[in-house]
Number of protein chains: 2
Amino acid sequence: MRSRSDDSTTKARIRDAAIRLIGRNGFAATSARAVATEAGVSAGLVIHHFGSMRELKAACDDFIITEVTHRKTGLGEGDVSAAVSEWYADLATFEPWLIYLSRLFTDDSVAGADLFDRFVEMSHTMLREGVASGAITPTADEHARAVLLVTHSLSTLTLQSHIARSLGSSHFGLDSLSRMGNAALELYTHGIYTPSTTPS
Amino acid sequence: MRSRSDDSTTKARIRDAAIRLIGRNGFAATSARAVATEAGVSAGLVIHHFGSMRELKAACDDFIITEVTHRKTGLGEGDVSAAVSEWYADLATFEPWLIYLSRLFTDDSVAGADLFDRFVEMSHTMLREGVASGAITPTADEHARAVLLVTHSLSTLTLQSHIARSLGSSHFGLDSLSRMGNAALELYTHGIYTPSTTPS
DNA sequence: TAACAAACTAAACAGTTGTTTAATGGTTGT
DNA sequence: ACAACCATTAAACAACTGTTTAGTTTGTTA
C-alpha cells in the first residue's frame, strides 16, 4: 500500500511539506520559509537540497506524476485510474497528493498539460475498444468525446471542495465520491433525457 | 451588448486591469504595482481607490458576479447561462471575464462557493421541472445529479486551456465550445453505452 | 584520531511586496 | 479669486521574498 514516499530523508520531508503547502495555497503563495517551517528545517536547507523554489516545484511535479503513472498496482503498471482509486481509498494518506494533482491542471503547468494529454489518449483508446466491441455507441467527433470524458472526470478533482460542500460533507471523501460516481454511471448509461423527448 | 463596464473612470480601468491580471496569473501572483502598470497609473492610486489589495480582489469578485447574475438579457434577468453564452459569443471582449470567473472556482473564494451553490439550485430547479414534464428521467439521488451537471458544466470553464490545446485550437473559442457542446448533448441524450451491454 | 564531505543553521543580501505619507495639480462651488 | 476637495504621483516604510554566504555540526572513512 505504501510507496517510496515513505523514504524519510530530510529532502523527502521537505518535498512532502511543499506538496502539502503548494496544494493548499498554490505555488505563488508558498514561500521557501513556509516550506521550511512546515518541514521543521531552515529556509537555507530547502534551497540547499533543491537549488531554487522553481526546481522544488518541478521536483514536486515529477514526484506526483511518477506516483500517478509509474505506480505498480495489481492492475498493471501505468494504470492511472487504478492509482487514483487507490489514493481515494486511503484519503487520510493521499489527500495532499490529490489536491496537488488538481492544482496541476488549474495552474497551467507543463506537467499538467502532459498529463491531461495522456489522459485523453487513454480515454481515446478505451472508447475505440468499446466501440469495436459494441459496448459503446460510435460518435461523429470521437476526439471531442474523449476530451469531454477526461474533462468531466478531472472536474471531480478540480472542483472537489465545491462538490463536498454542496453534498454536505466536511471534505471530499468516499461517500461524496460514490454518490458522484453513481450519478455519472447513470448519465453514461442512458443520459438524462427520456427517449421520446430527445431534443434535436 | 455592452454593459456598465464601459464606464471609463480610472477606478474602473484599474479594476479591469486587475481582472485581467488576476485571471491570467492568480491573485497571489498579482502585485499592486503590476496592476498599476497595466492600468497606466501609480501603485499608490490603486490603494487610494480600493483601500487594499484584498478589497480590490473583493471588488473584482463583486463586479464579475454582478455581471454574470444581474445582467439583463432578452431571456430575463438573472439568467446566468444566457449571460455566459453572451460572453462566449463575444470572446474578444469578454475572455478576461471568463478566465476570471473560472479562477473564482479554483481559488476557493467565498464568492465562488456562493456562485457554485446558486448554480446547483438552478440546475436542481431545471431537473425537477424536466422530470415533472416527463422530458428528463427521474433518479435516486437528485441532488448528486444536480451537482454532477454543474460540475461538468463548469469544467469546460476551469479546464478551458487544456480543452483548447487538445482540440488543436490556439485558444478556447466558439469552435471548441460547439464541439464540446455537441459531445455533451449526445452524452445527455443517450449516454455512451449501448443499451444491451449496460454494466451493472 | 585525523580528515573530509555532507547536512544543516543563522545571518546577511538585494529585490519586491502592500501600504503610508507628503506633496502637486486640477476641478468645482462660492 | 478663493477655498475645499478630489485625483494623482513620487518617495519612503517595514515586512517579506528567494538566495547566498560563512560557519557549525554530524557522520563516514582511513
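Colleague: How many helices and how many strands does the secondary structure of chain A come to?
Modeller: In this predicted model, chain A read along its sequence follows the pattern α-α-α-α-α-α-α-α-α-α. Buried residues make up 32% of the 200 residues in chain A, and among its contacts between residues at least 6 apart in sequence, 49% join residues at least 24 apart. The count for chain A is 10 helices and zero strands.

Colleague: What relation do chain A and chain B have to each other?
Modeller: Chain B can be laid on chain A by a turn of 180 degrees with a shift of 0.0 Å along the axis, and the RMSD is then 0.0 Å.

Colleague: How many residues does the contact take from chain B and from chain A, and what classes are found on the side of chain B?
Modeller: The contact takes 49 residues from chain B and 49 residues from chain A. On the side of chain B that touches chain A, at least two residues each are supplied by helix 6 (91–106), helix 7 (110–133), helix 8 (142–158), helix 9 (160–167) and helix 10 (174–190) of chain B. By class, that side of chain B has 22 nonpolar, 20 polar and seven charged residues.

Colleague: At what angle do helix 8 of chain A and helix 10 of chain B cross?
Modeller: The residues that meet are A:Ala144, A:Arg145 and A:Leu148 in helix 8 of chain A, and B:Arg179, B:Met180, B:Asn182, B:Ala183, B:Ala184 and B:Leu187 in helix 10 of chain B. These contact residues divide into six nonpolar, one polar and two charged. The two helices are roughly perpendicular to each other, since their axes, which come within 9 Å, cross at roughly 75 degrees.

Colleague: Which residues does B:Ala144 touch, not counting residues up to four places away in sequence?
Modeller: B:Ala144 is found in helix 8 of chain B, and because it has 22 C-beta neighbours inside 10 Å, B:Ala144 counts as buried. From B:Tyr88, B:Ala144 is 56 residues away in sequence and 28 Å away in space, C-alpha to C-alpha. With residues up to four places away in sequence left out, B:Ala144 touches A:Leu167, A:Arg179, A:Met180, A:Asn182 and A:Ala183.

Colleague: How are helix 9 of chain B and helix 10 of chain B placed relative to each other, parallel or perpendicular?
Modeller: Helix 9 of chain B supplies B:Ile163, B:Ala164 and B:Leu167 to the contact, while helix 10 of chain B supplies B:Ser176, B:Arg179 and B:Met180. By class, the residues of this contact divide into four nonpolar, one polar and one charged. The helices pack with their axes 10 Å apart and at an angle of about 95 degrees, so helix 9 of chain B and helix 10 of chain B are roughly perpendicular.

Colleague: Is B:Tyr100 buried or exposed?
Modeller: B:Tyr100 is found in helix 6 of chain B, and apart from neighbours within four places in sequence, B:Tyr100 is in contact with B:Ile19, B:Ile22, B:Gly23, B:Cys60 and B:Ile64. B:Tyr100 and B:Tyr88 are 12 residues apart in sequence, with 14 Å from C-alpha to C-alpha in space. Because B:Tyr100 has 21 C-beta neighbours inside 10 Å, where 20 or more are needed, B:Tyr100 counts as buried.

Colleague: What classes of residue does the surface near DNA strand C have?
Modeller: Two or more residues each come from helix 3 of chain A and from helix 2 (32–39), helix 3 and helix 4 (53–69) of chain B. By class, the surface near DNA strand C has six nonpolar, seven polar and two charged residues.

Methods
Residues numbered from 1 in each chain as written. Chains lettered and ligands numbered in written order. Predicted model: local features only at pLDDT ≥ 70, side-chain atom pairs only at ≥ 80, totals over all residues. Contact = placed C-beta atoms within 7 Å. Helix = DSSP H or I, 4+ residues; strand = E, 2+ residues; numbered from the N terminus. Nonpolar A, V, L, I, M, F, W, Y, C, P; charged D, E, K, R; others polar. Least-squares fit on C-alpha atoms with pLDDT ≥ 70 in both. Buried ≥ 20, exposed ≤ 12 C-beta atoms within 10 Å, placed from the backbone. Axes fitted to C-alpha atoms, helices over the stretch in contact; angles between N-to-C directions. Parallel < 35°, antiparallel > 145°, perpendicular 65-115°, else oblique.
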